[in-house]
Amino acid sequence: MAQDITGTALAANSVAQGAKPVIQVLFDWADDGFGNEGDWTDETTYLKSASGRSRAVGWGKSLAGIGVGVADDATLVFNNVEETGGNSGFRFSQTNSNGSLYASIGEGAARGKRAAVKLGYYNGATPQSVYMLKGYLESLQENYRDRQVTITLRDRAMAAALSKHATTLQENQTAAQYLTTIAALMDRDPPGAGEYSYDTGYVLLPYAWLEDEPIWKEMGLVAESQGGRIWFDHAGVLRFEDGTHFVRARADAWRNPLVSQFTFTTDDFQALNPHYNPEEVVNHVIVEYSPKYESYVQVVYTAAETFIVPPSGSITIRCEHRYPVASVATPVASTDFKAGTAGGTDLTGDITLTLTTKAIYTDVQIENANADYAAYIYKLQLRGYPVLSEQPIKYECEDATSIARHGRQTMRVANPYILSYRHAQNVGDLLLARFKDPPLLIELAGVPGVPYLEPGDRITVTETKTGINTAFFIGEIDWRFDPGGGGLIFKENIQAVRASDMYPHTDYFVLGTSEFGDADGRLFW
């Protein structure tokens, strides 16, 4: 999705001769938070050079891949100036207690500070720019001899990757509903209003739960189950695109995957390198799925030890379920728990249990109302309604022509949210259709920086000698900003996949638009 540049001249200035690029680097040293970028500190005056990379999905994969995105990154080199006035020593030194930034970066506190990079061009004397990355400072490396520091940034996926949580069982949720639930659990900066945009997803999730896994990993599994991807865009918005995203029109032109956001001709690049990557060929797909069902009430936890609760005191224990559960029944005294003194006197009536249940565990607070004796909990069990799985079943599909040409190249998908034959068939057939032949990939080297383009955007590339004149989807953007040999340089290398290799057809049946019997009858790909 390109960024909205309405009211700017960025489209024209991106290719205009003599256009002067502009960069701005902001740090949230005072922890004002996302949404308050106007209060962040502008450190651009100390910047020597900057570079970065945006990738759609995975390492060495084109946009055609599905699943979790790779965090955008940027590397910034700053002059580590010696401060004067009320401060002294190097400005960006984490060990300089006399530096003006020491309270924010001292003794390793720099990691995790919010940061942003904006790039664009001057329109006359007016700078116009858009975000290239919004996220966090990952590392700060000082070079004493050269009097400079190198700062590495990661986008907001860094916070999702470092967050682990568990949820209650979510039943019959759309992908968008479940993503909304787990995104809200991020330990830092969960996306607020206007900071997320999700496709609905095309298959309901009958059962979904987070079991102390990194949230970013879980989001990737959800995206994979829907044949799509999840990622943070340059402006820090969390986006989920399901497998139908690139063939559905949007009202806003800059968000419409059916509209080319930029046309590159011979004058716009130093090199055009088309190639067919044999490593992207998949002609045999195995999708494992395990049907799940909610069972009758049964014991889902039994304590293997005795717990001691002090007089008039309480303890909390975590009870790991044998299976994920839809719910846990209220424990019944004597049936589910028993307590006594060290001498054997029954104290079960003095015990109160308070449960906080997640799908994979229940935290049980045990209170002892007896003011004189410690309570020994020598029996404790939980009964609940578990969600059980059948034995894994495999759906396989292959393409004999591709196997004969390229050899057998197998992809295995084992996703906990693919629970039925039809769902497995959908994902498997999509991957086979997309990868049985190697997609055409291109690398545009040395193109002028077009700051509003992002991975996933449709572009047009025209070059007569290679015979290329068609639409592509961007898979990766590598950019650099530096003084160059006498003037500021903002250049990019772009890797893209031919649009028709991802979606070779156009006659899709669109809910709410097409009518039964229309010529448009293709359901998915």
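**A core residue and the salt bridges**

Mentor: In this predicted model, Phe-264 touches Phe-269, Leu-444, Val-447, Val-450, Leu-453, Ile-459, Thr-460, Val-461, Thr-462 and Ile-494, leaving aside residues up to four places away in sequence. Phe-264 belongs to the largest nonpolar core, which has 50 residues; Phe-27, Leu-153, Phe-264, Leu-444 and Ile-459 touch the most other members. Strand E32, residues 468-482, gives the most to this core, with six residues. Another core lies apart from it, with 33 residues, among them Phe-34, Ala-175, Ile-215 and Met-219.

Now the charged pairs. Side chains of opposite charge can pair when their charged atoms come close. The count of salt bridges is 28. One of them joins Arg-53 and Glu-476, at 4.0 Å from N to O. Arg-53 lies in strand E3 and Glu-476 in strand E32, so this pair ties together parts that are 423 residues apart in sequence. Glu-476 is buried, at 13% relative accessibility, whereas Arg-53 is partly exposed, at 31%.

Arg-114 forms a salt bridge with Asp-31, with the closest N and O atoms 3.7 Å apart. Because Arg-114 lies in strand E6 and Asp-31 in the loop between strands E1 and E2, the pair ties together parts that are 83 residues apart in sequence. Arg-114 is buried, with a relative accessible area of 10%, and Asp-31 is partly exposed, at 44%. Arg-114 also meets Asp-189 in a salt bridge, at 3.1 Å from N to O. Asp-28, Asp-31, Lys-113, Arg-114, Arg-188 and Asp-189 are linked in a network of salt bridges.

Definitions and conventions
Residues numbered from 1 in each chain as written. Predicted model: local features only at pLDDT ≥ 70, side-chain atom pairs only at ≥ 80, totals over all residues. Heavy atoms only, no water. Core = buried A, V, L, I, M, F, W, Y, C linked by side-chain atoms within 4.5 Å. Buried < 20%, exposed > 50% of the residue type's maximum accessible area, 1.4 Å probe, protein only. Helix = DSSP H or I, 4+ residues; strand = E, 2+ residues; numbered from the N terminus. Contact = heavy atoms within 4.5 Å. Salt bridge = Lys/Arg side-chain N within 4 Å of Asp/Glu carboxyl O.
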